[in-house]
Every structure is written in C-alpha cells, then in structure tokens.
Amino acid sequence: MTFDYDLFVIGAGSGGLAASKRAASYGAKVAIAENDLVGGTCVIRGCVPKKLMVYGSHFPALFEDAAGYGWQVGKAELNWEHFITSIDKEVRRLSQLHISFLEKAGVELISGRATLVDPHTVEVGDRKYTANKILIAVGGRPIKPDLPGMEYGITSNEIFHLKTQPKHIAIIGSGYIGTEFAGIMRGLGSEVTQITRGDKILKGFDEDIRTDIEEGMKNHGIRIIPKNVVTAVEKVPEGLKISLSGENQEPIIADVFLVATGRVPNVDGLGLENAGIEVVGSAIEGPGYSTTNAIAVNEYSQTSQPNIFAVGDVTDRLNLTPVAIGEGRAFADSEFGNNRREFSHQTVPTAVFSNPQASTVGLTETEARAKFGDDAIKIYRTRFRPMYHSFTGKQERTMMKLVVDANTDKVLGAHMVGDDAAEIIQGVAIAVKMGATKKDFDATVGIHPSAAEEFVTMR
C-alpha cells in the first residue's frame, strides 16, 4: 500500500517536534499537525513563560539585597502590561523559530486538529492523510474539579495573560505548578494564599525538600492552608469568595483564583477508538474529579496498534519536557534510524522553580529505605546560610542531601533546596547516572567559595 507519508505526527509540542525532525533526518517523509502555536505546553504555556516570570519575580528581592552591600536603590515599580506583553512576544518568537526548524528539516506543517480515522488515516479539517506510521504527541491539559463556582477559576493556561496584576491570588494545589506560581506571584508583590489538601506541599518529593521549601515560602510571606479543599467559589462585590472544607476555616476573599490541581492526557476527540488504541485509566484524587485516560504504550512507545506510537504527557509516564524529547528521539531512532532503543525513565533529574528553588535526582530517602531497608541507607545532609546573605540580613537557608547505599557506597539520590539548585543538580545528575560512589564525591575537589562544593565536602 502507498501512503502519503512515512510518518504523521499529531501534536507539535516538544516530543512531536523532536521525533519529526529526527525521523526526517533519516530520510522519512514526515508531516506534523498542530491546532495551536507550534511549541507545545513547554514553549507556549509552561516552562518557558513560567521561567521568565520566575526571573521577573526575583528583582524586588535583589533591590532589597543591594542595600546590604551599600547600594542605594530608588522606589521600584512593576509595569505589569510591559512584563506580560514581553513574555508573550518571546513565546511567539520561539514558536516561529520552531516552525523554521521544521522547514529546515523538511517536515510539512499542517494547521488544524488531527483526528484518527483508522490505523493509517488521519483527518485534519476536511482533508484526510494516510501514513505508514502515526505518532501521537498531544500532551496534557489542566483539569478543574467539578465543584460549584469553578468557572471563576483560571488555570496555568490563562495565568500568563492576566490583564492586571492580582492584589491577592488564591491557589489550590500543592504540586509543583501551584507551588511555583505561589513563589512567582509573591515575588512580584501579590498577596498569596495556597490551599493544600495534604499536610505538606510537593507530595512525592524528598521529605527534606518538602519541609525546607514550605518553610522558605512561609518566610517569604506566603500563607499556606493545609488539610483543606475548596468546596465552592462565588463572586462577591469584594472579589471571589472561596469556601473551604475546614470546620473553623474562614472563607478566603481573592481577586484571582488559580486552580493547579493537576493535568490529564489530552486525548479527548482524538478518535482513539477508530484506530483500536487502548487506554489506561488514571485518577486525580479528591472531590469533584473523575477517572481520565492515558494512552497505553510499551517500552518503545508503541501502542496496542503496532504502527501507532505515543510519547510525552499523553502517555502519563514521566511528564517532563526533556523526557518527551528523549522519548520522541528514541522512537525515531528505533523506527527510522535502524537503532532500536528504549528511553530510560530512571534517574531523571528535575527541578521546582519555587522560591526557594529545589532540584532532585534519583531516589528520595523514603524510596531508598523502602527498597533497600533502613540499615542499608546512609544519609548525608547539610543546611547553611548562603554567603550571599552575609550582608542582606535575610535568614535564607540552603539544604543539600545525598542518599547513599551503605553496602555499595553508591549515591542513590541527590537533593537540594536553595539558589541555583537546578544548575547545580544538573552536573550532579551525571555522577548519579554513572553510578558514582560517595568516595567519588569525596575525592572531587570543591570549588571554593561556592554552594555547590558542599556536595563534595559532606561527611
């Protein structure tokens, strides 16, 4: 059978872009369909604009810190419209850049939402295209609980387009998205209240990371209300009235309400049933949520239909941009590059761009003890006040931690809270991935004076 394309990719986000360009480099005829700006969640409404907001949120603290070093800084004021417009311009510039990369790679870009007609056919608008292989890389989307007044809440999609800066923003969700935006908005000068269902933020992260970030956030003036869920939201003359489940918890009045309670695979309307693609159920816990579906794949990102594959957040494996890129390239290498390989989801580093910042790679202390036993684990931990704050008067703290197998001396995990945590852990991740031992860390000469040297001087 003759096909229009060797590969048709649905979704021009990180995974789809990486896969399409890699496949085209092997000589495949490739098309990619996208119904939004090219670039996906990361470029359009995720890591890139969020990190720009993180940078912007740091300036007020820097102005304050400068005084301790003898600088006289005048009154600072944020031009919100300029800030948001600049971020949007940069997002659109990057989107155009990705389009040019597709053109250079020889990948045809088709505008519109693609749906599956059968295992070898997709439909975009009123046209149908056939392909030998199909890759689904449509990512995920934010989800709101089905509770009264949730239409007044915004998600991480809309927060980059607020016309005015919130005076008071209330956030529900204790994951990295809610935690990051709490720090961003507080840094920019807004009053921030974060509501968490559990007793602590960032479930799944190392306990020391969770504790130290939460303490740092409180020190920065963020109000955290634990063990509560939102029961209703209503519009009142003062703004939005947010009622909580706690018996003695007073309602919150805020002018913006951010719902950051999770993301789900963006499978609706894809026509998966037309191609016989199996899905697996997953649920976000809590009142008002229902079960959602992710595309089931094997270790080679292959679905139940042998010629159809899926990568990235739509598979709900490890939802990180570099992982989607790695999965996409591994797929292209396997199917078009004569290099069949899996993408490893083990020992993947990640960061939380909160304030304070955190980063991690490998096993948490809890995971290591569960896997190897309490007696087989040694913990090395340090907390200190960064040298930078010697003159600022602020009580900022840095935490670094190594989780070590006591029997083999192998470093199983590295965790950090503090300035430049992501930059530092990126290098440490190489050592952890290669199986470095604590003795290898100890034998490495530290760069002095630096915070990073603590990773090789802990005893």
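**View 1. Asn228 in the loop between β10 and β11.** Asn228 is located in the loop that connects β10 (223–225) with β11 (230–236); helices (H or I, at least four residues) and strands (E, at least two) are DSSP runs, numbered from the N terminus. This is a predicted model, in which local features need pLDDT of at least 70 and side-chain atom pairs count only at pLDDT 80 or more, while totals for chains, interfaces and linings use all residues. Residues are numbered from 1 along each chain as its sequence is written, and side-chain values use heavy atoms, with hydrogens and water left out. Asn228 counts as buried because its relative accessibility is 8%; buried means under 20% relative accessible area, exposed over 50%, and partly exposed in between (1.4 Å probe, protein chains only). The side chain of Asn228 reaches the backbone oxygen of Pro226 at 3.0 Å. When neighbours within four places in sequence are left aside, Asn228 is in contact (heavy atoms within 4.5 Å) with Ile195, Thr196, Arg197, Leu244, Ser245, Gly246 and Gln249.

**View 2. The largest nonpolar core, with Met53 and Phe181.** A nonpolar core is a set of buried Ala, Val, Leu, Ile, Met, Phe, Trp, Tyr and Cys residues joined through side-chain atoms within 4.5 Å. The largest one has 40 residues, and Met53 and Phe181 have the most contacts inside it. Among the elements that each supply at least two residues of this core are α3 (47–68), α4 (80–105), α5 (176–187) and β8 (168–172). Helix α4 gives the most, with 6 residues. Apart from neighbours within four places in sequence, Met53 is in contact with Trp80, Phe83, Ile87, Phe160, Phe181, Ile184, Met185 and Leu188. A second, separate core of 24 residues includes Ala31, Ile110, Tyr129 and Val138.

**View 3. The open sheet of 5 strands.** The strand order is β19-β20-β23-β22-β21, with antiparallel pairing; two strands pair if DSSP finds at least two bridges between them. Strands β19 and β21 (377–384) are the edges, each pairing on one side only. On average, neighbouring strands of this sheet are turned by 10° against each other, direction ignored.

View 4. The antiparallel strands β22 (residues 398–405) and β23 (residues 411–417) are joined by 6 bridges. Val404 stands opposite Val411 in β23. Helix α8 (residues 365–372) lies across β20 (358–362), β21, β22 and β23, and runs at about 170° to β21. Axes are lines fitted to C-alpha atoms, for helices over the stretch in contact, and angles run from 0 to 180 degrees between N-to-C directions. Helix α9 (residues 421–433) packs on the sheet and touches β19, β20 and β23, its direction making about 175° with that of β23.

Definitions and conventions
Polar contact = N/O pair within 3.5 Å; in protein donor to acceptor, adjacent residues only side chain to side chain.
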